[in-house]
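Thanks for coming. I will talk about salt bridges today. Please have a look at the model first.

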Amino acid sequence: MRLHVIPSPFYAANGLVLVPSGAGTALVVDPSAGIQHLIREVLGLEGVSVGAVLLTHGHPDHVWDAAEVSTWGPDGATVPVYVPGPDMYRMDDPASFLPMPLPDFVGDWVKPTDLREAPSDSFEVVPGLWLRMVPAPGHTEGSAVFLGESPLDIRVNNQSFYSSSEPVPWAMSADVLFKDSVGRTDLPGGDETQMRHSLRTISNALDPRTVLVPGHGPATTLSDEITSNQYLIRARRIG
């Protein structure tokens, strides 16, 4: 599977395009504002349309262009937009729950027409791509990490950043766990205690070999973060 990382000018959020091997459709994750043209470039390069959109949580920098991108399905069909259930309420007006100004280039909010709660069990989000959602509240009520396992080629600007021809565990760690950092807990819906519990659960339950693709910044591995991420080290120590 090829996983394209597309950094956005909207708070430097990472939009993702996941293309299963041999698939005709892709999964677009967290389509932020300002990167529609780049998402289209990746879809054209891969020769695929959008099969579904996945939002890791309800903050504006991760959801803003979901409605538009969801209309890029096969033959112009509108495809489902999945979001963790506890953050569904944010989709009425995401900006109202983030007490900071939006960038000037961000247009008006448009709510997707086919919003669905992300399943709690493993689900085939597009043909050939199975994910499991692990709730990880703390950054928002619905913050979640999405797990997969497959051969993996992570690309930035279509240049390979990481590649394994053998199946490896990987996770979209969203705004829960970053390289050397973690998601903020001081915004509405955030909770430091819940975040600490989420970090401890993730670090204990996931394979340390798991490749992490975060919502901001570069990819990393869980084993590296267990060793060097001071926020994660503290969460594991405090309990």
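R155 is partly exposed, at a relative accessible area of 22%; here buried means under 20% relative accessible area, exposed over 50%, and partly exposed in between, with a 1.4 Å probe and protein chains only. This is a predicted model, where local features need pLDDT of at least 70, side-chain atom pairs count only at pLDDT 80 or more, and totals for chains, interfaces and linings use all residues. Residues are numbered from 1 along each chain as its sequence is written, and side-chain values use heavy atoms, with hydrogens and water left out.

R155 pairs with D153 in a salt bridge, 2.7 Å from N to O. By that term I mean a side-chain nitrogen of Lys or Arg within 4 Å of a carboxyl oxygen of Asp or Glu. D153 is buried, at 12%. By this rule the count is nine salt bridges.

Next, R90 and E141, whose side chains meet at 2.9 Å, N to O. This pair links distant parts of the chain: R90 sits in the loop between β5 (81–83) and β6 (115–117), E141 in the loop between β8 (129–135) and β9 (144–156), 51 residues apart. Helices (H or I, at least four residues) and strands (E, at least two) are DSSP runs, numbered from the N terminus. R90 is buried, with a relative accessible area of 1%, and E141 is partly exposed at 30%.

Last, R234 and E192 form a salt bridge, their closest N and O atoms being 3.9 Å apart. R234 lies in helix α6 (residues 230–238) and E192 in helix α4 (residues 192–205), so the bridge ties together parts 42 residues apart in sequence. R234 is partly exposed at 39%, and E192 is partly exposed at 48%.
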